[in-house]
Structure formats: structure tokens, C-alpha cells
Amino acid sequence: MRTLFKNIKELLQVREAGLDFVAGEAMNDLPTIQDAYLLVEDGLIKDFGTMTDCPKVEVDEVVDATGKMILPTWCDSHTHLVYAGNRESEFVDKIKGLSYHEIAAKGGGILNSAKKLQETSEDDLYEQTKIRLDEIIALGTGAVEIKSGYGLTEASELKMLRVIKRLKENYKLPIKATFLGAHAVPTEYKDDKAGYLNMLVEKLMPKIAEESLAEFVDIFCEEGYFSVEDTEFIMEAGKKLGLISKIHVNQFTSIGGVQAGVKHEALSVDHLEEMKDEDIEALKGSKTMPVALPGCSFFLSIPYTPGRKMIDAGLPLALATDYNPGSSPSGNMNFAVSAACIKMKLTPEEAINAATINGAYAMGLQDTVGSIAVGKEANLILTKPINSYNFIPYSFGENQIESVYIKGHSII
Ligand SMILES: [Zn+2]
């Protein structure tokens, strides 16, 4: 199966294969080709260049992209897409002035989601999640990471991970699974956090590794949740089992989680709304990708990750949605890109790099997706007719997507 996209007004994010991520000043460089063609064969990018070099080959389908742009699909490296029900009643509590911590103390928050999830069957959970996954693909997401962490019991955590496994089997886009058993301490272990962590490490994680139910392990490192020591304990246990770390750190406080993540070679450290200078220093020269979640900052009215400062310090940055029922009930990467420009002062080039190639790296998918490179999966956004790619973040709350292609097949 061959598809030729021709007369593309501008083909964005064209790279040589083998690039892991971009950092610092290089984030402001978004290589493009104007008046381009793109040849897709059997779901992979086969060739691209300017129309003057367009090859005369037999193809099954020709897409005339006159006036439109093509870019790689968004790579959303941080979601909690599998959940049961919604938390709109807490949304109203929040409007009335209750804080995140007060809502959690009322029995809401993560524990509320866990209770609903425990009562939901695997099939129901799968069907609810499918709706959200279809929705974000239509919004241009072509690779996604999904976490457990709303189960908080052995059976329910495994249920979540099995739902993710079924999604992997039934969808063509790359999906990565993260075990986030240490999302909160469940009520049964209220006074025995160590006991809960031991159960995760001794009982659940070996089973997850053995059944290949997750690639990554995560923990919510935050005051009132899990300490830096707890975080190191989980990361070390993960490493022994081949589960790479991706951790929630510095959402409300900076307590040393970033340094611990770098020390244990976490693939990413996510949130980072509260960043001290020493946290930025710790990330310099590391292989750990900092990930900002602007949808969460918007929804909770908390500070945005200081992305401008971090990029100016030479760091890379990735953008993700944090799609979850409590603090970011939207998986719209177009909004994340707009918010990064509007609120974090990233340039459109930086935001697009953060949402594509760097997001791919934060899932270990830099060889598969995240740029227009020969051999990568043809997961593509075909835009509506637009004057420049700046229009993508500028038109916040909208999206400029005409079609989304996953492995060369049109989804919308
Ligand atoms: Zn999260």
C-alpha cells in the first residue's frame, strides 16, 4: 500500500533518523520543507522532499495537500486515560474554593477515582477508555503513554493494566503502559505506607514485569504522598525488574525528587511546576526528559512549569496532557501546545518540538514516531488550509486538523 501526499504547503519537523531529542537553543529550530511531497509505504514514511523531486512511482492513493501542512502526530507521554466515571462534583467544590488537599481530605481526589474504578468491570472500563482514546486520536495524538494508579489494590491495578494491554492489541498507534501503584496510599494501608510499598515491590511489580503488563513504573513524589526515599525505593525495585522510571515530581513542592530521578536514570520527570535552580542544574546533561503538563496548571490554577527558563538554561522539554479525571480532564494536545506558547512563553517551534520529538523520547519511542524521518511510522496530522504553522498554537481552543493518519491510514 502506497500513498503519495503531494503539493504540501509545508512539511514540518523533517529530521534525519536517529535524533533522540532537541534541547536548549535547538528547540527553537523546526526544520521544514515548503511545497513538499511525502511518500508512505506500508504504514511507514518511505521518502519526502520538494515537489520538484517528486518521484514518478505507482501509488494506490494520492492526497492533494494544496494549502495544507503535514506534521507528525502529537506524542502524549503522560496520561491517566483509564478511569471510571468523572469528578465533576469536585470540579464544583473547587470553584467554591476548596483546595486540592481539602478535596483529598474529604475522601475525594485519587481515592474517589479508585473506589469507582474498583466497582467497574474490566469490560466497562475498556469501553469507557476507548471513547477517550478515539477522541484524542481525532485531536491529533498518534502515540500515547497510559498509567495505572486508580486501582490501588492488586486486582484493580492489574485490571487497569489489562485494559491498556487490550488497547495496545486493538489500536495501531504506539501505546506505552506505566505502573503507578504508588499514586496514593489506599485507605486499607492508611497507617502503613511502608507496608503498601512493600506489597507493590514484592508482590505486584514482579507479576507486572513477568506478564509484560507495563514498560514503566511511576510514583507520586510529593509532600503528603510519597517521599524521595519512597521514590528511590520504587525506582530501584523497577530497575531490577526492567521497569524504567517516569515519575511525578515537583507539582506542589520541590523536595529533591528531580535529583533522585536523574540519579536513577528516570526516562522522564513530570509536572515540575515548582522548580528551584538546583532542580534545573540537576537535569543538565542528563538523559532524563523534563515534561510539562500545562493542562493541569490551567485546570488547577497552579503555576505553569517554568519552561522558558528551563529551555534558556539549555534543557530539553516535552509537553503532555496529564489527561485524568481530577486535575486535567482533557487530552487535547493542541491545547497543551497553545498553553505552552501563551502561558510558558515557548515559541511555536519550541512547543511543536516539545509535543512531538521530545514527547516521543519521553516514551522511548524516538525511533518510531515524533518526526518526519524515513522509516518512522506514518502517523501524521494533515492540517486545514493555514497561512503558517504559528496558527496552530494561536487558534487556542480550536484545532487546525483536517485528517489524522495512523500508520498511513486515515482515522478522520
Ligand atoms: Zn499525572
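Buried denotes a relative accessible area under 20%. The views below show a predicted model.

**View 1. Helix 12 and its cover.** Helix 12, spanning residues 333-344, is mostly covered, with nine of its 12 residues buried. These buried positions are Met 333, Asn 334, Ala 336, Val 337, Ser 338, Ala 339, Ala 340, Cys 341 and Met 344. Just after the helix, Lys 345 adopts a positive phi of about 65°.

**View 2. Protein donors of the zinc ion.** The zinc ion has as its protein donors the NE2 atoms of His 78, His 80 and His 248, together with OD of Asp 322. These donors lie 2.1 to 2.3 Å from the ion. The angles subtended by the four donor atoms run from 83 to 169°, and the arrangement is therefore irregular.

**View 3. The zinc site along the chain.** In sequence, the donors of the zinc ion follow the spacing H-x1-H-x167-H-x73-D. His 78 is located in the loop between strand 6 (74-76) and helix 1 (88-95), whereas His 248 belongs to strand 10 (residues 244-249), so this pair ties together parts that are 170 residues apart in sequence. His 78 and His 248 are both buried.

View 4. Phe 91, Val 92 and Ile 95 make a nonpolar surface patch of about 280 Å². Val 92, one of these residues, lies in helix 1. Val 92 counts as partly exposed because its relative accessibility is 37%, a value to be read against the limits of 20% for buried and 50% for exposed residues.

How values were computed: Residues are numbered from 1 along each chain as its sequence is written. This is a predicted model: local features need pLDDT of at least 70, side-chain atom pairs count only at pLDDT 80 or more; totals for chains, interfaces and linings use all residues. Side-chain values use heavy atoms; hydrogens and water are left out. Buried means under 20% relative accessible area, exposed over 50%, partly exposed in between (1.4 Å probe, protein chains only). Helices (H or I, at least four residues) and strands (E, at least two) are DSSP runs, numbered from the N terminus. Donors are N, O and S atoms within 2.8 Å of the metal (3.2 Å for Na, K and Ca); water is not among the atoms, so sites may look incomplete. Four donors count as tetrahedral if all angles lie between 85 and 135 degrees; four count as square planar and six as octahedral if opposite donors are over 155 degrees apart and all others between 65 and 115; anything else is irregular. Patches are made of residues with over 30% relative accessible area and no salt bridge: like charges are joined within 9 Å, nonpolar side chains (Val, Leu, Ile, Met, Phe, Trp, Tyr) within 5 Å. Accessible areas come from the Shrake-Rupley method with a 1.4 Å probe; for residues, only the protein chains shown count as cover. A salt bridge is a side-chain nitrogen of Lys or Arg within 4 Å of a carboxyl oxygen of Asp or Glu.
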